Every structure is written in C-alpha cells, then in structure tokens.
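Subject: Structure handover

Dear colleague,

Here is the structure for your files. My notes on what was found in it follow below.

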Amino acid sequence: MIKKLIAVFLAGALTLSLCACGALENIFGQKDEPQEESSVPEPIVIDPNFPVTVGGVEIKAKPERIAAASPALAEYISDMGLFDRLCAVSDYCSFGGASALPSIGSVRLPNMEAIKTAAPQYILTFAKYDEASLIELQQMDITVIVLDAPSSIEELRELYRELSLFFLGSEEGAAFGESYVAEYDRALAEISYPGEKANAAFLRAMDYTMVTGDAMENALLSACFENAAAEYTGYEYPAENWDSFKPEVIFVGGDLRLEDLETSDLYKKTAAVKGDKVFLVDIDAIALCSRRSFAMVKDMMATVYSDYTDGTPLEPAYPSIYKK
C-alpha cells in the first residue's frame, strides 16, 4: 500500500514539474513549437520632389501615365526627352513617333472610350474641356491640368520649366528645367544668318495673313531674314500699305502653292512670284519655335543663301500656271 502511495505521489510531482516548466516557457516567450518570425515593416521612402504644384494642381507623387491633349504640348515634351512618359496624344499629333501612341481625340471632341482605354492619371492641355466632359473625366479619376500656351520665347521658357516640375518634381525638375532652357537658348542662338538678310514674307493664308512682328516665331525668323511684315501685328499685313510689300522671297504654308500667287492680282507682279522664289514650308510648325522649327529654318536659309550649307534647300512651291 505504501509503495502505491509513493508511486502516485511521484506521478503527481512529475505532472506539476511539467506544468511549471510550461509556465516558465510562456513567461519567457518560449514555446514547444517554433513560431514564425514577425515581419519587419518596410521603411517609408519620402520623395523630396513631391508634392509639387503645377497649373494650380497639386501633384502628390510622380506621374506615371500622362496624355497630352495638344499637338504642341506633345512636341515640347518630346523635345525635352520625356515623350516616353506619355500614354496617349491628341488628334492631329503627327510629328516623329507620335503616331505610335493612341489618340484621345481633341479638347473640343474628346474620345471618351479612347481616354478610358488609355487610362491616364493626368491630361495636359492648353485649352479647357467643356463642363460635361470635365465631369466625365473626373468620374474616371483623371485630373486635367490646363497650361498657358506660350506667345513669346520667354513664355516658352517658362512652359519648359513648368513641364519639368510636373514630370520630375520640385528639386529634380527645377534643375532639369534650367538645364534644358540653357540648352534651348544655345540652339536658338545658333539659328541666325550673319550676312545681309533677304526681305521675306511668311504667308499663312491668302491674301494678307502672314507672320507679323508680334508673333512668337518672328523672334526666330527675324534672326535669319528681314520680315516684310515685321512692323505689323495680328498676323495681318495692312491692305492700305500693300504698295510697300516687296519681298525677295515668299514662304507659304498650308495648301498654298505658287499658282495661287501667280493668279492673284496682289501677288503676281511681285519679284518673288515672277522669279519663282516661292517655297513651301510648314509655317504652323515653325510657329511653335520647337527644336523641329530650328531645322526648318536652316532649310529656309539654305534655300535663300548660297553660302549657307547647314540645311537642305527647298524646291519652289509648284505647281505653277506656267509649268504644266
């Protein structure tokens, strides 16, 4: 009997000992079965470039998907080497690699299905969408930023700086913007003719619509030619001063051709028309004063000046009524 009691006592003592060990293990955070290590939270990375405010809109983080609803804006962005950040462009955007991107229509006629498919975070534009379109875009969680279209070279410089801030943020964008503006100014300074400049007209449409002295592109063209309409404004040569219109060469844009001037009572007697000194150039593109404009102006100088060799001479704007 005594042996049985001793056995029971020993069994109870062993049980208490095991329980005590388990309690001690719980106190010191130890368990029989190994636990998975708790995950360490990733450190929060703060981008010093954002937020930044552009066009009155706060950009909280680096934009990833952007659409340009203006061909001019897309070209300026391309000049800056940031075209790969665009996911869509607008109608009539045909320069360079723009045709590889989907079109979202225009501000006046937006293609909402195309916009939904492209799924931009931001749409950059020079013009405002109508209220109904803007509401629809807001419902897609798309932010529209309206920028000021430049009307002078200085305003174009400011636009380049603003675009740099939008794409790259406050610190990196400010540095990049100043660097690009300096590069642009160096290229602009190279576009000039050092000799005696020819008197030239830059005709946008019949009869009196041409580049005048207040146009942004006049700053570029007047470095290479004596602009026949430099004294006037509003892209219009005054009809009452037509007797003073005597250009040596005429550059035409759009659908204008030599035969249009040859059949015009205003132009047919000018020396430029009689000598077939009428050349076709994309005056609308030159009006942007983009880097592509620089190349075009070099071709114009190579056309007029025999000693200028940095461009490729243009052919006369045929057809002519005399060359059928």
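E217 is placed in the loop between strand 8 and helix 7. Leaving aside residues up to four places away in sequence, E217 touches R204, V211, Y235, I286, A287 and C289, where a contact means heavy atoms within 4.5 Å.

Before the rest, the conditions. This is a predicted model, in which local features need pLDDT of at least 70 and side-chain atom pairs count only at pLDDT 80 or more, while totals for chains, interfaces and linings use all residues. Residues are numbered from 1 along each chain as its sequence is written, and side-chain values use heavy atoms, with hydrogens and water left out.

Overall picture

The protein chain has 11 helices and 11 strands; these are DSSP runs numbered from the N terminus, helices being H or I with at least four residues and strands E with at least two. Of its 324 residues, 43% count as buried. Among contacts between residues at least 6 apart in sequence, 59% join residues at least 24 apart. The chain exposes about 18400 Å², and carbon and sulfur atoms supply 53% of that area (Shrake-Rupley method, 1.4 Å probe; for residues, only the protein chains shown count as cover).

R204 and its partners

The side chain of R204 meets that of E217 in a salt bridge, at 3.9 Å from N to O; the term requires a side-chain nitrogen of Lys or Arg within 4 Å of a carboxyl oxygen of Asp or Glu. R204 is partly exposed, at 27% relative accessibility.

R204 also forms a salt bridge with D284, where the closest N and O atoms are 2.8 Å apart. Because R204 lies in strand 7 and D284 in helix 10 (residues 283-286), this pair ties together parts that are 80 residues apart in sequence.

Strand 7

Five of the seven residues of strand 7 are buried, so this strand is largely enclosed by the rest of the structure. Its pairings are as follows (two strands pair if DSSP finds at least two bridges between them):

- Strand 10 (residues 249-252) runs parallel to strand 7 and is joined to it by four bridges; A201 has I250 as its bridge partner there.
- Strand 9 (residues 226-227) pairs with strand 7 in the parallel sense over two bridges, and N199 stands opposite E226.
- Strand 8 runs antiparallel to strand 7, with two bridges joining them; L203 is partnered by M210. Strands 7 and 8 form a hairpin with three residues between them.

Salt bridges elsewhere

A search of the whole structure finds 10 salt bridges. One of them is between D185 and R157, with the closest N and O atoms 2.9 Å apart. D185 is in helix 6 (residues 170-190) and R157 in helix 5 (residues 153-168), 28 residues apart. D185 counts as partly exposed, at 26% relative accessibility, whereas R157 is buried, at 17%. Salt bridges that share partners join E154, R157, E158, R161, E178 and D185 into one network.

Regards

How values were computed:
Buried means under 20% relative accessible area, exposed over 50%, partly exposed in between (1.4 Å probe, protein chains only).
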